[in-house]
Amino acid sequence: MRYFNTEGCCRPDLHYMVRLDDRLEQIKKQYIDRGKYFIINRGRQYGKTTTLLALEDYLRADYLVLALDFQLIGSEEFADTASFVHAFSSLVVHACKKMDFGNNQKLAELIHELAADARDKTMRELFFLLSGICESADKPVVLMIDEVDSAANNQVFIDFLAQLRGYYLHRQNNPVFYSVILAGVYDIKNLKLKIRPDAQRQYNSPWNIAAKFQVDMSFSPRQIAVMLEEYKADSGHDLDTESAAREIYGYTSGYPYLVSAICKYMDEEVPGRPGFEADTNLWSGQGIAEAVRMILNENMPLFNSLVRQLDLYQDLRRMIEQVLYQGTIVPFSPVEKSMQLGMMFGFLKEKCGHVVIANRMFEMYLLNLFLAEESLKSSIYRYGERDRNQFVKNGRLNMRLVLEKFVIHFTDIYGGNEEKFLEENGRRFFLLYLKPIINGTGNYYLEAQTRDARRTDVIVDYGGEQFIVELKIWHGNEYHERGEKQLIEYLDDYHLDTGYLLSFNFNKKKEIGVKELRVRGKRIVEAVV
């Protein structure tokens with residue numbers, strides 16, 4: 001039986017996976033058939049290698065594909081030109097063994113010459129032979145290099161790209177690869193970030209010839225549902241594939257690895273856990289939330305990569321903190337370095353002209369990371385940890401009591417601070433208080449659609465129940481009434497009768513405490529600090 005795979009590339013005969021036919025056809029028609037030189041650059045574990053392997057098979061009828069992987073070249077083989085030429089030639093010869101050249105004797109001789117005494121060849125001689133191979137081949141030759149950025153901090157690789165650029169630009173006179181595909185996290189334009197700051201070499205490099213790759217490699221809810229239909233047919237599980245797909249997409253925004261990870265946990269880890277013994281409850285929103293909670297508590301390479309990049313690029317970290325905690329609206333700029341990095345690594349994306357966190361799971365992980373780092377020195381966190389046992393009775397969370405206690409502790413600890421400090425940090429303090437209360441049992445996340453500098457909705461999943469808590473900075477009665485209206489509309493979307501409103505009010509005449517309101521048939525529990 002096939003299974004959901006999160007280790008390495010996926011194969012349709014072994015794994016449940018989203019069908020790639022439409023994507024492969026688009027790449028072939030839009031890029032390969034037009035002879036484009038392009039880069040598939042996406043974040044870690046975004047399905048690049050899986051796509052390349054499928055593309056190699058897809059192109060076989062019309063092209064000869066030299067599919068190389070630079071992970072197979074050791075770092076010492078980038079030390080000088082001779083070592084690199086030898087290693088690259090070996091990869092090409094190995095790739096050619098998988099191809100059927102028929103009776104093309106000339107091509108066989110050139111490949112044999114490429115394999116012989118490769119250490120004595122210069123870069124120019126290497127490309128002379130590659131040009132001869134492309135000229136002698138019976139079909140157009142496509143060069144495909146995976147993990148290309150693993151070599152990007154080596155100058156010999158930059159020299160290789162410069163030669164490739166020269167031949168590609170003059171391919172009408174000097175035959176060379178019909179199309180070139182480079183795949184990695186770094187776009188060629190961003191490889192400059194990985195090499196030493198030598199301006200002359202950078203300006204004379206191949207940054208400017210790559211076609212922009214605009215194929216969407218994320219998974220849509222419909223694609224996820226089709227994959228789940230295949231799983232359902234094989235496993236016999238009772239699940240609403242359309243509903244489950246929408247729920248998974250809501251957490252992942254279609255990030256391939258995260259989609260596969262949730263499905264894998266739903267198939268292998270969640271069944272049999274308390275509350276999920278019955279098949280009918282397994283693939284529900286509650287079951288998927290449990291899979292997400294388990295994944296976020298795992299030490300996964302994707303999350304480790306995220307943390308590593310935040311440690312390396314502190315400006316990127318500060319921008320993400322402002323977006324999460326303060327609801328800062330950051331206008332998108334294609335040249336701002338922090339944004340470039342965040343989008344290149346897959347942590348950020350552009351939406352309606354602004355920069356946002358790429359998906360809800362990244363957002364949840366980042367919140368947990370930042371709050372965990374702050375918890376050791378946070379007084380409000382310690383109060384939440386101390387109080388946590390009193391908020392849950394018979395497995396149900398008493399959110400009203402959470403707000404009542406928070407108002408008391410917040411006033412005691414921070415009541416005397418400046419308005420600006422409280423406005424910037426109020427939401428952070430509530431999340432710090434909430435974290436130990438639901439930690440290990442529930443999930444919480446910030447609703448991206450409602451977040452701005454004045455308002456944020458926190459969605460809490462606990463024990464199968466959902467709680468919507470609107471965190472709001474007070475800006476007068478008119479804004480307050482508009483906030484209540486928005487909260488009620490949100491409650492309708494979630495089919496809930498009760499919502500929670502936490503107002504940070506800096507009016508000296510405010511009335512601190514918790515009260516209940518009835519608005520348009522909904523119960524609103526409002527806390528004011």
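Trainee: Which residues in α14 meet which residues in α15?

Mentor: D315, L316 and M319 in α14 meet S338, M339 and G342 in α15, where contact means heavy atoms within 4.5 Å. By type, the residues of this contact divide into 3 nonpolar, 2 polar and 1 charged. Here Ala, Val, Leu, Ile, Met, Phe, Trp, Tyr, Cys and Pro count as nonpolar, Asp, Glu, Lys and Arg as charged, and the others, Gly among them, as polar.

Before going on, the basis of the values: this is a predicted model, in which local features need pLDDT of at least 70 and side-chain atom pairs count only at pLDDT 80 or more, while totals for chains, interfaces and linings use all residues. Residues are numbered from 1 along each chain as its sequence is written, and side-chain values use heavy atoms, with hydrogens and water left out. Helices (H or I, at least four residues) and strands (E, at least two) are DSSP runs, numbered from the N terminus.

As for geometry, helix α14 covers residues 314-326 and helix α15 residues 337-344; their axes are 9 Å apart and the packing angle is about 85 degrees. That makes α14 roughly perpendicular to α15. Axes are lines fitted to C-alpha atoms, for helices over the stretch in contact, and angles run from 0 to 180 degrees between N-to-C directions. Angles under 35 degrees count as roughly parallel, over 145 as roughly antiparallel, 65 to 115 as roughly perpendicular and the rest as oblique.

Turning to the strands, β4 (residues 179-184) is largely enclosed by the rest of the structure, because 6 of its 6 residues are buried. Buried means under 20% relative accessible area, exposed over 50%, and partly exposed in between (1.4 Å probe, protein chains only). Both faces of β4 are covered, with S179, I181 and A183 buried on one side and V180, L182 and G184 on the other. Strand β1 (residues 37-41) runs parallel to β4 and is joined to β4 by 5 bridges; two strands pair if DSSP finds at least two bridges between them. In that pairing I40 stands opposite A183. Strand β3 (residues 141-146) also pairs with β4 in the parallel sense, over 4 bridges, and V142 stands opposite S179.

Most residues other than glycine have a negative phi. C352, not a glycine, has a positive phi of about 55 degrees; C352 lies in the loop between β5 (348-351) and β6 (354-357) and is exposed, with a relative accessible area of 72%. R520 has a positive phi near 50 degrees, sits in the loop between β13 (513-519) and β14 (522-528), and is exposed at 55%.

Finally, F421 lies in helix α19 (residues 419-438) and counts as partly exposed at 33% relative accessibility. Leaving aside neighbours within four places in sequence, F421 is in contact with Y414 and F429.
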